[in-house]
Amino acid sequence: MRAAFADGQSAVLKLGLTVGISLDMRRDSTARLDGEDLPAQFRQARSDYFAAKVALERLWPLCPQEAHPRLAELSDAVTAAFSYARSVAGPHARPEDVEGSLQRSLRALSDQIFPPVPPPTTGPPATGPPANGPAAGEGGDRPASS
């Protein structure tokens, strides 16, 4: 389950990065290396979108039933992110908003599948000598000097 989630997480984050770069290139032509850079980013976004959708579909049967709504929300966020990189004339968004939406959906799913472990409770103080040995004057290997 953790490996499948990690694969999905990686694919979703990669899509977010690719979409973010393409949005930067659409907004500012100086972000492009050459005339083929933006079309190449669109092609990469298509590949990354497919990889993310496949990874999420592989995760579906492994997730507990109660996590399916979060997984569906993440899949919808992936589709929404890809909508910004379908074409040059597509809708605009700030790259950090698109990536943030994907990260929030990933964290919500992660929290649903792998609930956070509560911190250990503190017990009574340990008894005995400190971990670094006895304090001065408390004994030890050397006799006290006079």
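**Exercise 1.** Which residues does V78 touch, not counting residues up to four places away in sequence?

*Solution.* The model is predicted, so local features need pLDDT of at least 70 and side-chain atom pairs pLDDT 80 or more, while totals for chains, interfaces and linings use all residues. Residues are numbered from 1 along each chain as its sequence is written, and side-chain values use heavy atoms, with hydrogens and water left out. Contact means heavy atoms within 4.5 Å. With those sequence neighbours set aside, V78 touches V12, L15, Y49, A52, K53, L56 and L102.

**Exercise 2.** Identify the buried residues of α3 and what covers them.

*Solution.* Buried means under 20% relative accessible area (1.4 Å probe, protein chains only). In α3 these residues are H68, L71, L74, S75, A77, V78, A81 and F82. Their cover includes α1, α2 and α4.

**Exercise 3.** Describe how α1 packs against α3.

*Solution.* Axes are lines fitted to C-alpha atoms over the stretch in contact, and angles run from 0 to 180 degrees between N-to-C directions. The angle is about 20 degrees, and the axes of α1 and α3 are 10 Å apart. Angles under 35 degrees count as roughly parallel; α1 and α3 are therefore roughly parallel to each other. V12, L15 and V19 of α1 meet L74, V78, A81 and F82 of α3.

How values were computed. Buried < 20%, exposed > 50% of the residue type's maximum accessible area, 1.4 Å probe, protein only. Helix = DSSP H or I, 4+ residues; strand = E, 2+ residues; numbered from the N terminus. Parallel < 35°, antiparallel > 145°, perpendicular 65-115°, else oblique.
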